[in-house]
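This briefing goes through one protein model by topic. Contacts and fold come before individual residues.

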Amino acid sequence: MKRIRCPKCDAYITFDETKYEAGQSLVFQCAECGKQFGIRIGVSKLRETQRKENEIANAQFSNLETDCGSIVVIENVFHYKQELPLRMGDNVIGRYQKGNPINTAFETVDPSVDLNHCTITVSRNKRGELQYTLSDNNSNTGTFVDNVELSPRERRRIEDGTLFTLGATSIILRTPQK
């Protein structure tokens, strides 16, 4: 099964791509907004997918420290489950939008997640161990750790398994396995 997004409202439409041949054109009508749009089965001439863009960006940082853990975006009605790698330094987290320069964007239609919502800073302490610090980037809906909102300019240490919330989106920090 393949999922595509409505270009008007970003609602997902699912169809079985195995029933069609490469190069075949299909027309869909969105159940949410009624927009009609067409697609062609095969290779897209449009932008690379977010996953491909992330792979390209990660390849650019291949000479840097690679295994700094990841964040897991928990699936809900706004998006599917996603796992995004973290790198040393600031990892700015927010909603994906073409042209948005942040380095840890995830695909969602959750209106309560800002384009530049929060930051996880990955660094090393005096013993050389990785440490993670979460801060809110003056978002509209706030960043919550254990159901407690981070105050402006507050920096909170988080560790493996910490659940934090951006609007209606829950995210779990995963540190590298030792």
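Among contacts between residues at least 6 apart in sequence, 44% join residues at least 24 apart. The model is predicted, and the protein has 178 residues, of which 38% count as buried. Its secondary structure consists of 1 helix and 15 strands.

**Sheet**
- An open sheet of 6 strands runs in the order β6-β5-β15-β14-β11-β12, and its pairing is antiparallel.
- At the edges are β6 (82-85) and β12 (148-149), each of which pairs on one side only.
- Strand β5 (residues 70-73) runs antiparallel to β6 and is joined to it by 4 bridges.
- Opposite Ser-70 stands Pro-85 in β6.
- In general, the strands of a sheet pair through backbone hydrogen bonds, in either a parallel or an antiparallel manner.

**Nonpolar cores**
- The largest nonpolar core comprises 20 residues, and Ile-71, Ile-93, Ile-120 and Phe-164 have the most contacts inside it.
- At least two residues of this core come from each of β5, β9, β10 (130-136), β14 (163-166) and β15 (169-174).
- Strand β9 gives the largest share of this core, with 3 residues.
- A second, separate core has 10 residues, including Cys-6, Ile-13, Leu-26 and Cys-30.
- Residues up to four places away in sequence aside, Phe-164 touches Ile-71, Ile-93, Cys-118, Ile-120, Leu-134, Phe-144, Val-145, Ile-158, Thr-169, Ser-170, Ile-171 and Leu-173.

**His-79**
- His-79 is found in the loop between β5 and β6.
- Is His-79 buried or exposed? His-79 has a relative accessible area of 2%, which is under the 20% limit, so the residue counts as buried.
- The side chain of His-79 makes a polar contact of 2.7 Å with the side chain of Thr-108.
- The His-79 side chain also reaches the backbone oxygen of Ile-74, at 3.2 Å.
- With neighbours within four places in sequence left aside, the contacts of His-79 are Val-73, Ile-74, Phe-106, Glu-107, Thr-108 and Thr-169.

**Asp-114**
- The loop between β8 (104-106) and β9 (118-124) holds Asp-114.
- Asp-114 counts as buried because its relative accessibility is 14%, under the limit of 20%.
- Which backbone atom does the side chain of Asp-114 reach? The atom is the backbone nitrogen of Asn-140, at 2.8 Å.
- Neighbours within four places in sequence aside, Asp-114 is in contact with Gly-94, Arg-95, Asn-138, Ser-139 and Asn-140.
- From Asp-114 to Asn-138 there are 24 residues in sequence and 9.5 Å in space, C-alpha to C-alpha.

**Aromatic rings**
- The count of aromatic pairs comes to 3.
- Phe-15, Tyr-20, Phe-28 and Phe-37 are linked by ring pairs into a cluster.
- Over the face of Tyr-12 lies Arg-3, at 4.0 Å from the ring centre.

Notes:
Residues numbered from 1 in each chain as written. Predicted model: local features only at pLDDT ≥ 70, side-chain atom pairs only at ≥ 80, totals over all residues. Heavy atoms only, no water. Phe/Tyr/Trp six-rings, centres within 6.5 Å; stacked < 30°, edge-to-face > 60°. Lys NZ or Arg CZ within 6 Å of the ring centre and 35° of its normal. Buried < 20%, exposed > 50% of the residue type's maximum accessible area, 1.4 Å probe, protein only. Contact = heavy atoms within 4.5 Å. Polar contact = N/O pair within 3.5 Å; in protein donor to acceptor, adjacent residues only side chain to side chain. Pairing = 2+ DSSP bridges. Core = buried A, V, L, I, M, F, W, Y, C linked by side-chain atoms within 4.5 Å.
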